[in-house]
Amino acid sequence: MTRSPKSAEYAHEDVHLRTGRYSRRRDSVNGQEPDARFIGGGTNLLDLMKLQIEAPSHLIDLQDLKLGSISALDSGGLRIGALVSNTDLASHERIRRDYSLVTRAIVAGASGQLRADRVTAWRIVRPSIALPPRRVLWLATWGVTLRCRQASTKSRVS
Amino acid sequence: MALNVDPRTTLLDFLRDHVGLTGTKKGCDHGQCGACTVLVDGVRINACLTLAVMHAGDRVTTIEGLGTPASLHPMQAAFVKHDRFQCGYCTPGQICSAIGALVEVERNVPSHVTDDLQVFARPMRLEMRERMSGNTCRCGALRKHS
């Protein structure tokens, strides 16, 4: 990893965060930066950065992208924006009524504080999944689509 | 308030080291103990797992912003009345978290122990015990927190 003066280690007690650049995106992201990481809420990435398991040279904050809503599809399903928080997703009226397993799974994990700050796409953008940043952003942009077919439900990441 | 900080500064370190609001505590620094719980636009989060720069423009409420010794927030007064702390280290996070939990109940946010997802959960003892499970206490005052 190339180190510039701005990306020198920052030490506070036993915490080392090796990153020098932070930027917020309001539109698409072009190009690839091998050492860049997208950040949604940060509950996973910052945890790993403090342990130096992740050491990005550039943090790209996605929170300004308009991916924070849940919308109904003409086919009867739902499209869930990648930046919808776990709490908002679990408490959404349609999710609770028609996809209650999603609600149950979400509230069974973490804590109220973590669920409020963690985004839906954390399972896609989290660093433990090795994906090129462009594919990660493509997945994050589309979020999750839940399709409902009459008596049965099928969920997939689109 | 406008301050220039290193983008790697967590919201927790920003509050404590740069703004001087030391009421919010650092326990585990990894989002497990809840001692760093603050309210961001009314929503409870762990300040240790977010960066200060990510909250530019947000309204952050710490324990200092809830009340004063002369004018306690109702939740602070309740903690005093029901003897809900010993050393007090986890207490600021507990109070902020409890306020955030009640807001979630009002917003019809379910919990792991919510029986019927279609019905508004009432802040009963079992619900509050579950919703406060993100805040730990070493002093043994935890039983009274719910």
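Tutor: Buried area is the accessible area (1.4 Å probe) that two parts lose on being put together, summed over both. This is a predicted model, so local features need pLDDT of at least 70 and side-chain atom pairs pLDDT 80 or more, while totals for chains, interfaces and linings use all residues. Residues count from 1 along each chain as written, chains are lettered from A in written order, and side-chain values use heavy atoms, without hydrogens or water.

Student: OK, how much area is buried between chain A and chain B?

Tutor: Start with who touches whom: 42 residues of chain A are in contact (heavy atoms within 4.5 Å) with 39 of chain B. Carbon and sulfur atoms give 53% of the buried area. The total is about 3,100 Å².

Student: Which residues in chain A lose the most area to chain B?

Tutor: Three of them together make up 24% of what that side buries. They're Lys50(A), Arg96(A) and Gln113(A).

Student: And which residue of chain B forms a salt bridge with Lys50(A)?

Tutor: The rule (a side-chain nitrogen of Lys or Arg within 4 Å of a carboxyl oxygen of Asp or Glu) finds two salt bridges across this interface. In the one with Lys50(A), the closest N and O atoms sit 2.9 Å apart. The partner is Asp29(B).

Student: Which helix gives the most to the side of chain A that touches chain B?

Tutor: Helices here are DSSP runs (H or I, at least four residues), numbered from the N terminus. The one you want spans residues 112-117 and gives five residues. It's helix H5.

Notes
Helices (H or I, at least four residues) and strands (E, at least two) are DSSP runs, numbered from the N terminus.
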